[in-house]
Amino acid sequence: MNREDAWKILCEYTSTDRMRKHALSVEAVMRAAAQKYSGDVETWGIVGLLHDFDYEIHPDQRHPLEGSKILEARGVPDEIVHAIQCHAPFINPEYRSDLDRAILAFDELTGFVTAVALVRPNKSLGEVEPASVRKKMKDKAFARSVIREDILVGAEKLGADLDDNIRLVVEGLRPVAGEIGLNP
């Protein structure tokens, strides 16, 4: 599987700009995480790109299990399919690798950091600090669809400090900032 094939799958099943931007964001962060955790940058990026590809057709407990069937039918490698399942702890997946733990750690956090940056006066990632993200996490009304427990459990499973994860997300988002409506 290469990125071009993954992009085609994403576009086939994901029509909204918001979900495509989220996919691009998580892809960029997963690529940065791959460098930190000595993973395969392409594989990690594809997991980030495809992790929610089926969410628009299964915005419920069937996601990502039903999506996994689609990916398996397309010949997507098991490592990628399994990692995509790992971003959904409600299906109780087995976390076998740093890739599996990283998608859990960075999916919701990427969305949350993006939301924090979007409310800054300049919509700038440069204005986002771990302390400000932690403060916003306490405000349940802010970005209420973000599952904060996944952010915390993901960091724990990865054996990472939450502040370090926040910094990684900020840095990982910089290359795609313009595409997702942010300033670097």
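Biologist: Is Pro64 buried or exposed?

Modeller: In this predicted model, Pro64 has a relative accessible area of 1%. The cut-off for buried is under 20%, so Pro64 is buried.

Biologist: Which residues does Pro64 touch?

Modeller: Leaving out residues up to four places away in sequence, Pro64 touches Asp54, Ile84, Gln85, His87, Ala88, Phe90 and Ile91. Two of these names, Ile84 and Gln85, come up again among the buried residues of H5. As for distance, Pro64 and Pro175 are 111 residues apart in sequence and 27 Å apart in space, C-alpha to C-alpha.

Biologist: Why is helix H5 described as largely enclosed by the rest of the structure?

Modeller: Helix H5 covers residues 78-85, and six of its eight residues are buried, so the helix is largely enclosed by the rest of the structure. The buried ones are Ile80, Val81, His82, Ala83, Ile84 and Gln85. They pack against H3, H4 and H6.

Biologist: How many residues are in the largest nonpolar core, and which have the most contacts inside it?

Modeller: The largest nonpolar core holds 59 residues, and Met30, Leu50, Phe106 and Val113 have the most contacts inside it. H6 provides the largest share of this core, twelve residues.

Biologist: What does Met30 touch?

Modeller: With residues up to four places away in sequence not counted, Met30 touches Trp44, Gly45, Val47, Gly48, Leu99, Ala102, Ile103 and Phe106. Phe106 is also one of the core residues with the most contacts.

Biologist: How does the lining divide by class?

Modeller: It has 13 nonpolar, nine polar and seven charged residues.

Biologist: How should I read a disulfide, and how many does a search of the whole structure find?

Modeller: A disulfide is a covalent bond between the sulfur atoms of two cysteines. The search of the whole structure finds zero disulfides. The cysteines can still be read by accessibility: Cys86 counts as buried, at 0%, while Cys11 counts as partly exposed, at 23%.

Biologist: Now the backbone angles. Which loop holds Lys123, and what is its phi?

Modeller: Lys123 lies in the loop between H6 and helix H7 (130-138). Its phi is positive, about 50 degrees, although Lys123 is not a glycine. Lys123 counts as partly exposed, at 38% relative accessibility.

Biologist: And what is the phi of Ala143?

Modeller: Phi of Ala143 is near 45 degrees, again a positive value in a residue other than glycine. Ala143 is found in the loop between H7 and helix H8 (148-158). At 22% relative accessibility, Ala143 counts as partly exposed, because buried requires a value under 20%.

Terms used: Residues numbered from 1 in each chain as written. Predicted model: local features only at pLDDT ≥ 70, side-chain atom pairs only at ≥ 80, totals over all residues. Heavy atoms only, no water. Nonpolar A, V, L, I, M, F, W, Y, C, P; charged D, E, K, R; others polar. Buried < 20%, exposed > 50% of the residue type's maximum accessible area, 1.4 Å probe, protein only. Contact = heavy atoms within 4.5 Å. Core = buried A, V, L, I, M, F, W, Y, C linked by side-chain atoms within 4.5 Å. Helix = DSSP H or I, 4+ residues; strand = E, 2+ residues; numbered from the N terminus. Disulfide = S-S within 2.5 Å.
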